[in-house]
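The sequence and the structure are shown below.

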Amino acid sequence: MAANLPSVMTRDEAIEEFEAYILPVTLNRYEADGIPDWPARREAWNNFTDMLCKDHRISDWQYDNWSQPECCGD
């Protein structure tokens with residue numbers, strides 16, 4: 001529950017952090033050929049939000065209900 005967390009990251013903040021730190025690594029690793037690897041991007045987002053939840057930076061509800069961001073093909 002978000003009320004149990006000292007502060008809660010918004011979805012926009014999470015996307016900003018993902019695009020700055022996680023997505024570039026994913027692009028470098030899986031898209032060297034210039035072709036978008038949508039499954040790799042989605043998995044990276046899922047792993048990122050899992051980490052945020054386990055680190056208590058987002059709530060269980062956020063983790064369960066956030067959709068994939070546009071940069072992941074949705």
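## An exposed residue in a loop

With a relative accessibility of 52%, His56 counts as exposed in this predicted model, because the cut-off for that class is over 50%. His56 belongs to the loop that runs between H2 and helix H3, the latter spanning residues 60–65.

Most residues other than glycine have a negative phi.

## Salt bridges

The structure holds three salt bridges. In one of them, Arg57 is paired with Glu17, and the closest N and O atoms are 2.8 Å apart. This pair links distant parts of the chain, with Arg57 in the loop between H2 and H3 and Glu17 in helix H1, 40 residues apart. Arg57, at 29% relative accessibility, counts as partly exposed, and Glu17 is likewise partly exposed, with a relative accessible area of 21%.

Another salt bridge joins Glu31 to Arg41, where the closest N and O atoms are 2.7 Å apart. Here too distant parts of the chain are linked, Glu31 lying in the loop between H1 and H2 and Arg41 in helix H2, 10 residues apart. Both Glu31 and Arg41 are buried. Lys54 and Asp50 also meet through their side chains in a salt bridge, at 3.1 Å from N to O. Lys54 and Asp50 are four residues apart in helix H2, which means that about one helical turn separates them. Lys54 counts as exposed at 57% relative accessibility, whereas Asp50, with a relative accessible area of 23%, is partly exposed.

## A patch of negative charge

On the surface, a patch of negative charge is formed where Asp12, Glu13, Glu16, Glu19 and Glu70 gather. One of these residues, Glu19, lies in helix H1, which covers residues 11–30. Glu19 has a relative accessibility of 40% and therefore counts as partly exposed.

Four aromatic pairs are found when the whole structure is searched. One of them, formed by Phe18 and Phe48, is tilted, with 5.7 Å from centre to centre and 45 degrees between the planes. Because Phe18 lies in helix H1 and Phe48 in helix H2 (residues 38–54), the pair ties together parts that are 30 residues apart in sequence.

Phe18 and Phe48 are both buried. They also belong to one aromatic cluster, which is formed by Phe18, Trp45, Phe48 and Trp66.

## Overall fold

The secondary structure of the chain amounts to three helices and zero strands, and the order of the elements from the N terminus on is α-α-α. Taken along the principal axes, the box filled by the C-alpha atoms of the chain is roughly 45 × 20 × 20 Å. Of the 74 residues in the chain, 32% are buried.

Methods:
Residues are numbered from 1 along each chain as its sequence is written. This is a predicted model: local features need pLDDT of at least 70, side-chain atom pairs count only at pLDDT 80 or more; totals for chains, interfaces and linings use all residues. Side-chain values use heavy atoms; hydrogens and water are left out. Patches are made of residues with over 30% relative accessible area and no salt bridge: like charges are joined within 9 Å, nonpolar side chains (Val, Leu, Ile, Met, Phe, Trp, Tyr) within 5 Å. Accessible areas come from the Shrake-Rupley method with a 1.4 Å probe; for residues, only the protein chains shown count as cover. A salt bridge is a side-chain nitrogen of Lys or Arg within 4 Å of a carboxyl oxygen of Asp or Glu. Lys and Arg count as positive and Asp and Glu as negative; His and the chain ends are not counted. The place of a charge is taken as NZ of Lys, CZ of Arg, CG of Asp or CD of Glu. Helices (H or I, at least four residues) and strands (E, at least two) are DSSP runs, numbered from the N terminus. Buried means under 20% relative accessible area, exposed over 50%, partly exposed in between (1.4 Å probe, protein chains only). Rings of Phe, Tyr and Trp (its six-membered ring) pair if their centres lie within 6.5 Å; planes under 30 degrees apart count as stacked, over 60 as edge-to-face and the rest as tilted.
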